[in-house]
Amino acid sequence: MKRVKIPRALSEKLSLAVQEWIGCGTCRASHREAGREAGLSETDMELARQGTSTDPREAALIGLALRVLAEPGALADEDVAEVRAHGWSDRVIAEVVGVVALNLLTGAFNPLAGIQPGSGDRAGRDVP
């Protein structure tokens, strides 16, 4: 995922949308901080958490990410065609799957491992 073509700010919007659905507080906090660092406004981040954007191109990609997460088996050629119609390349469309998968991995692991926002380290213990 280090060589993705998705701009950092948009990647954070995708992650915020996905983590809102998954419900990992640690991931949401991390992606809010990363979103700020990438130049996102509070409005940008709130819209992403709601699964949309003021930019129709970005909204289409965010919508695709949520569909990949929630109902991957229901995706059809028409869904891909719609995102392509917004100007997204097949590479970016494929990268959405990677962003979703990475977020699902961390969003499922953190609560299971007891990692909570502000816990200090990756084992959920406070760091001295």
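Select alanine 34: leaving aside its neighbours within four places in sequence, alanine 34 is in contact (heavy atoms within 4.5 Å) with Arg8 and Glu12. This is a predicted model, in which local features need pLDDT of at least 70 and side-chain atom pairs count only at pLDDT 80 or more, while totals for chains, interfaces and linings use all residues. Residues are numbered from 1 along each chain as its sequence is written, and side-chain values use heavy atoms, with hydrogens and water left out.

Stay on alanine 34 for a moment. It counts as buried at 10% relative accessibility; buried means under 20% relative accessible area, exposed over 50%, and partly exposed in between, with a 1.4 Å probe and protein chains only.

**Helix 2**

Alanine 34 lies in helix 2, so select residues 25-37. Helices (H or I, at least four residues) and strands (E, at least two) are DSSP runs, numbered from the N terminus. Helix 2 has 13 residues and reaches 18 Å from its first C-alpha to its last, close to the 18 Å expected at 1.5 Å a residue; the expected span is 1.5 Å times one less than the number of residues. Colour its buried residues: Thr26, Cys27, His31, Arg32, Ala34 and Gly35. They pack against helix 1 (8-22), helix 3 (42-49) and helix 6 (90-113). After the helix comes glycine 39, with a positive phi near 95°.

**Helix 1**

Next, select residues 8-22, helix 1. Helix 1 has 15 residues, and its first and last C-alpha atoms are 21 Å apart, close to the 21 Å expected. Its buried residues are Leu10, Ser11, Glu12, Lys13, Leu14, Ser15, Leu16, Ala17, Val18 and Gln19. Which helices do the buried residues of helix 1 pack against? They pack against helix 2, helix 3, helix 4 and helix 6. Glycine 23 follows helix 1, and its phi is also positive, near 95°.

Within helix 1, pick lysine 13. Is lysine 13 buried or exposed? Its relative accessible area is 7%, so lysine 13 is buried. Show its surroundings: not counting residues up to four places away in sequence, lysine 13 touches Leu40, Asp44, Ala48, Ser53, Glu58 and Ile62.

**Helix 4**

**The whole protein**

Finally, zoom out. The secondary structure comes to 6 helices and 0 strands. The radius of gyration is 15 Å, close to the 14 Å that the globule rule gives for 128 residues, so the protein is as compact as a globular protein of that length. Here the radius is taken over C-alpha atoms, and the rule is 2.2 Å times the number of residues to the power 0.38. Along its principal axes, the C-alpha trace spans about 50 × 30 × 25 Å. Of the 128 residues, 36% count as buried. Among contacts with a separation of 6 or more, 65% are between residues 24 or more positions apart.
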